[in-house]
Structure formats: structure tokens, C-alpha cells
Amino acid sequence: MEIHVSDIVKDLQSICTSAPFSDDPIAIRILHQCDYSKRITLDMAKSGNAGRPVRVYADGIYDLFHQGHARQLMQAKSLFPNVYLIVGVCNDYDTHSRKGKTVMNEDERYEAVKHCRYVDELVRDAPWEIDEEYLARHKIDFIAHDDIPYGTDDCNDVYAPWKAKGMFAATQRTEGVSTSDIVARIVRDYDVYVRRNLARGYSAKDLNISYLSEKKIKLQNKMHELKDKGKKVIDSIGERKDDIIAKWEEKSRDFIENFLLLFGKERLTNIWNESKDRIMNALSPPSSPTREGSPVSNHSMNGGESSDIDESMQPPRKTSRYESPSPSNSRPSSIHKYYNNDFSDDEDDLPK
């Protein structure tokens, strides 16, 4: 197939711009240029012999637009060689009454879809069920959707008529991802997301929680921050432990070398001998007196050799308080006279 530079430029421009709404002038002009009088069959569309772009329509809610939605639209865009993809998005009224409340409102969902690169045109307020009039108004050739039956109060499958007419092309769902799955994750991890949003500046009113819950969650956030900081400090120490050990070994070697330089073998021997003499002198007790009170002579202590130390230099001996007086220490004369008087037992000497 021959590719022109103009086609490449056109494709690049479509990627860099958002899709128009169906009531925008550019979308209306493209609609008027389409010759819808000639019916395009499925074989013609697949072979690329339709003679014009095949107008494929996909619809949905597209709440919390995710990769499953994008993959569905990519499949719809890739159904045939030349596809003009029109996407219909249902409004809030129909969606809330038939399926339930959405997270995003209708305007947010419109904007999310129209910025998908595979979308060529977007229809707002898309109907829940498609009829012939709607197909003709938008000149739709085929409807693209997954093959699961979507029932309503009136029928079991809203796409059944178009399947019967050969105007339906099935796309595949992306397993494991859906809007309901995302909402379930948010509900399951509610506390985590509340703490996150409070940390980002949201108020208790914004999150519909009480004042006490807000304070409690903020305290939990502070505790988690301290825990994370402590973990980072421990991890950083663990990463640097090899460097710390290497530096410690280097410093210890330097310390030992400097110590040996200051205190060699000879120096340590002299220090030890001097310290030993001082310790022995400090621990040796002084000379003790003999039992009779006379000091031990230097002659006996020195093995019979006389000492040059004068005996008068010896400290005086202290007499015990209750020690009996020695015969050499006599009492005063007044006391001696009583001891020297002769007391006789003779009756003549007794007073009359």
C-alpha cells in the first residue's frame, strides 16, 4: 500500500490534537462529506475497498478512564484498514439511574475520552440504547463493543439487533482491570488514601471525615514518617558499614604505631621499674614498737650492724590510757608518802 507524506502529516496532527465533539464545525463538515447512501458490508470494510473511511461507533460510561478503555478503543480503531472512530459517552442522569453513581462527572468523562489518540469524534449524551434514527444521524456503519450481552428492562441484549444485521464487530475486554476493580481497591485501602490526601492538604470536610479522625490520621502520618526516616538511616548505615570498618582499621593501625613510637620496649621497661619501686614503698608499713615499749634496735634490724640514725629522732611512744604504770615511772611524792606509812594492826595504835 502506497503511503503519502500528506497522510503521515495528517496522522501526526490528529495525534497532537483532541477529538472534536459531534456538534463542532469540523465534525459536521466531515459528516456532510460522507456518502452514506451506499451500504458498506463487513467484507468490504475488511478488504479496504469501501471507498471512504468506515465509520465505527463505540459507546460506554468510561468512568475513571483506564487502559482497559484505551485498549477497547484501539481495537475498534483497528477493526478495518480505514476507520473513522466515533465514541458515544452516556450522561450522568442515565448512568446513575441505570448503573450507579460514577466517580467522575459527565464533563470529566467527556474530556478524558476525547483526548484518547484513537478517538476521531465524541458524542455527548449518548443514548443507553441505539436505534435506527441515531445510526442514520451519525452515519454509523458498524458498532464495536465486547460480545457480552448487556440487558435492560426491555431486552436481554441491547446489541442483539445489530448483531443480527451484521453491523456489530466484537472487541475483547482487558481482564483484570475495570472501573469496578479500581473502586474496589480504593475502598479496600481507604485509610491509606485518606492519610495520603490529608498529607497533601485536603481538609476533613473535603474527605467527609470527622475532626477527631483527621487528627488521628495526621498523627499516624507523623509516625509513619518517623518510621521511614529511621529505616533510611539504618539503611544508609548498612551501606556505609564497609567504609566505616575500613576507616576504623586504618585509625587503629595509626594509633598502635604512634603508641609504639612514644613508648618503645626500653621506655616501657624503665616506666615499669620506676612504678614498681614507688608501689613497693607505698605498700611497705612503718616500723612497729616492741611489747615492752622499747623500740627495736637498729642493730637487730640490720643484722647486728649499727645504724647511723639517732635514737632521739624516733617518734615518741604513746602510752595506752589504761596501761599499768611501769616501775620506772614513779608517782608524785605526795602519793608515795601514803604508800610508805606503816599501818599496824596493833590496838595501841588505834585512836581512842
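This is a predicted model: local features need pLDDT of at least 70, side-chain atom pairs count only at pLDDT 80 or more; totals for chains, interfaces and linings use all residues.
Local features need pLDDT of at least 70 and side-chain atom pairs count only at pLDDT 80 or more, while totals for chains, interfaces and linings use all residues. Residues are numbered from 1 along each chain as its sequence is written.

Let's start with the whole protein. Its secondary structure comes to 15 helices and five strands, taken as DSSP runs numbered from the N terminus (helices are H or I, at least four residues; strands are E, at least two). Of its 352 residues, 26% are buried, meaning under 20% relative accessible area with a 1.4 Å probe and protein chains only, whereas exposed means over 50% and partly exposed is in between.

Next, which domains line the second largest pocket? Domain 1 (15-171) and domain 2 (179-230 + 240-283) both give residues to the lining, so the pocket lies between them; the domain bounds come from an automatic or database domain assignment. Among the elements that give two or more residues to this lining are strand S1 (54-60) and helix H9 (179-188).

Finally, look at two loops. Most residues other than glycine have a negative phi. Lys139, however, has a positive phi near 50°; this lysine lies in the loop between helix H7 (132-138) and S4, and is buried, with a relative accessible area of 17%. Asn208 also has a positive phi, near 60°, and sits in the loop between helix H11 (204-207) and helix H12 (211-262). Asn208 is exposed, with a relative accessible area of 70%.

Note on methods: Side-chain values use heavy atoms; hydrogens and water are left out.
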